[in-house]
Amino acid sequence: MNALRSRRGRLTLALAAAAIVAIPTVAVASDAHHDNTQAARQAIKGGKARNVILLLGDGMGDSEITIARNYQVGANGRLAMDTLPLTGAYTTYAVQKANPSLPEYVTDSAASGTGWATGHKTYNGAISVLPSEQPVPTILELAKKAGYRTGDVTTAELQDATPAVLGSHVISRDCKGPDAMAACAVNDKVNGGAGSIAEQLVQTKPDVLLGGGKQYFDQTVKAGKYQGLTVLQQAQVNDYQIVTDATGLAAASPSKPILGAFAKNNMDLEWTGPTPTRTGTAPSTCAVNAARTASQPHLVDMASKALSVLDKQTAHSRKGFFLQIEGASIDKQDHAANPCGQIGETVAFDAAIKKVLEYQKQHPDTLVVVTADHGHTSQIVEAATLGYTATLTTHDGANMTISYATADITGSQQHTGTEVRIAAGGPQAANVLGVTNQTDLFFTFQRALGLG
Ligand SMILES: [Zn+2]
């Protein structure tokens with residue numbers, strides 16, 4: 001841990017600084033000194049939205065948000081995501097495949113993504129198919145069909161559950177490329193199916209596809225019209241410009257669809273820090289991940305490009321766009337019991353949210369929703385607690401102990417079944433208020449875009 005810096009303030013990461021919001025602008029419920037009734041009233045807007053932007057923090061439960069807030073801006077600071085005017089909670093449970101009338105209380109990202117993307121509950125591992133394994137249309141597919149432009153952005157592999165549920169339908173999330181179809185014979189092209197997640201994403205053809213997972217796009221299509229081509233070549237034949245680094249992304253033209261594949265697997269982490277132990281760690285701070293590939297864009301870079309491209313593409317159209325932006329490795333670093341990894345990804349996700357909220361300020365006919373797909377392991381605890389703990393010194397100059405206690409340190413920490421935050425602003429945002437079900441979000445999007 002020699003790389004750890006003594007003061008978090010020395011982090012030079014531009015996006016970390018960009019994510020700090022000292023004074024919430026419309027924080028309806030956060031300031032007890034002011035009567036926010038009028039602000040809340042003004043935040044409630046019905047009607048249709050020109051654009052819908054979903055920002056999905058994978059595994060970003062309330063405790064993940066609080067950990068990142070405490071560390072980065074202090075207990076009484078506010079992240080960009082905290083400034084959305086209307087906030088509720090939604091339930092995330094999946095259903096049991098053998099008996100779909102029974103809940104599966106702890107969901108994975110595939111079942112939960114299928115919930116918000118299609119309006120249907122399904123089993124863990126399902127990618128926009130029902131418990132019967134029948135495909136159901138997704139909000140991105142419906143928006144595209146209705147004439148909206150579309151985008152799907154992630155820091156994970158593009159074939160990972162969250163980006164996959166928007167543009168593909170397979171019976172197992174593992175079926176990421178033509179060489180990985182063992183669990184999805186019915187979907188395999190060689191059996192007359194629609195193909196792997198990589199193949200289907202390219203066939204669904206969102207205008208913007210940005211993330212990792214290049215290894216699956218490099219696999220060879222085994223049957224059908226594109227047999228013998230790699231999935232990447234199939235994309236090129238269908239007009240995609242392919243980019244593989246930040247420079248290429250910046251130079252990409254809005255006149256053609258963009259497929260950005262910036263890493264073989266998931267994209268690199270923003271931060272590094274201490275590994276939790278049974279007896280805890282000495283207080284320390286996080287450091288920028290020096291091993292991160294410099295040519296990879298940050299999430300905020302991908303979000304900015306997606307916004308500018310989709311905005312240009314719809315400049316002369318009555319209809320705008322649907323865009324999903326995922327902070328994927330909040331979840332992955334929670335699985336890995338890596339507090340600084342998890343916080344760095346949350347801060348990077350918050351920088352993308354800040355960028356989207358700036359866009360919304362200029363385009364108030366945009367519905368912005370910030371939520372998660374499920375809760376996760378990490379908890380803020382007293383020092384000397386059971387489980388694996390690490391202690392970080394926060395922005396407040398106080399020590400915060402974080403515990404991981406759902407698996408051994410050598411294993412993968414587990415999701416939890418808690419409800420999670422859903423916050424929104426713009427037309428139809430009032431539909432996130434109270435306690436809703438994850439599947440309700442699909443209908444909110446549908447109503448906002450006039451697809452119902
Ligand atoms: Zn996970």
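**Around helix α3.** I began at the residue just after α3, Gly-74, and found that it takes a positive phi of about 90°. I kept in mind that I was looking at a predicted model.

Next I checked the length of α3, which covers residues 62-73. At 1.5 Å a residue, its twelve residues should span 16 Å, and I found the end C-alpha atoms 16 Å apart, so the two agree.

Is α3 mostly covered or mostly open? I found it mostly covered, with ten of its twelve residues buried. Among them I noted Ile-65, Ile-67, Ala-68, Tyr-71 and Val-73.

I then traced an open sheet of three strands, in the order β15-β17-β16, with antiparallel pairing. β15 (379-381) and β16 (388-393) stand at the edges with a single partner strand each, so one side of each has no neighbour in the sheet. From one strand to the next, the twist averages 40°.

Which elements of this sheet does α3 touch? I found that α3 packs on the sheet and touches β15, β16 and β17. The direction of α3 makes about 60° with that of β15.

I looked at the pairing of β16 with β17 (residues 399-404) as well: six bridges join these antiparallel strands.

**Tyr-404.** I stayed in β17, where Tyr-404 has its place. Why does Tyr-404 count as buried? I got 25 C-beta neighbours inside 10 Å for Tyr-404, and 20 or more is enough, so it counts as buried.

I listed what Tyr-404 touches, leaving out residues up to four places away in sequence: Pro-276, Ala-337, Thr-377, Ser-378, Gly-387, Tyr-388 and Gln-413. I also took a distance from Tyr-404 to Arg-447, 43 residues apart along the chain: their C-alpha atoms are separated by 39 Å.

**Strand β4.** My last stop was β4 (residues 86-91), which five bridges join to β18 (residues 420-425), the two running antiparallel. Here I saw Tyr-90 opposite Val-420 in β18.

How does β4 run against β19, parallel or antiparallel? I found them parallel, with three bridges joining β4 to β19 (residues 435-437). In β19, Asn-437 is the bridge partner of Thr-91.

Technical notes. Residues numbered from 1 in each chain as written. Predicted model: local features only at pLDDT ≥ 70, side-chain atom pairs only at ≥ 80, totals over all residues. Helix = DSSP H or I, 4+ residues; strand = E, 2+ residues; numbered from the N terminus. Expected span 1.5 Å × (residues − 1). Pairing = 2+ DSSP bridges. Axes fitted to C-alpha atoms, helices over the stretch in contact; angles between N-to-C directions. Contact = placed C-beta atoms within 7 Å.
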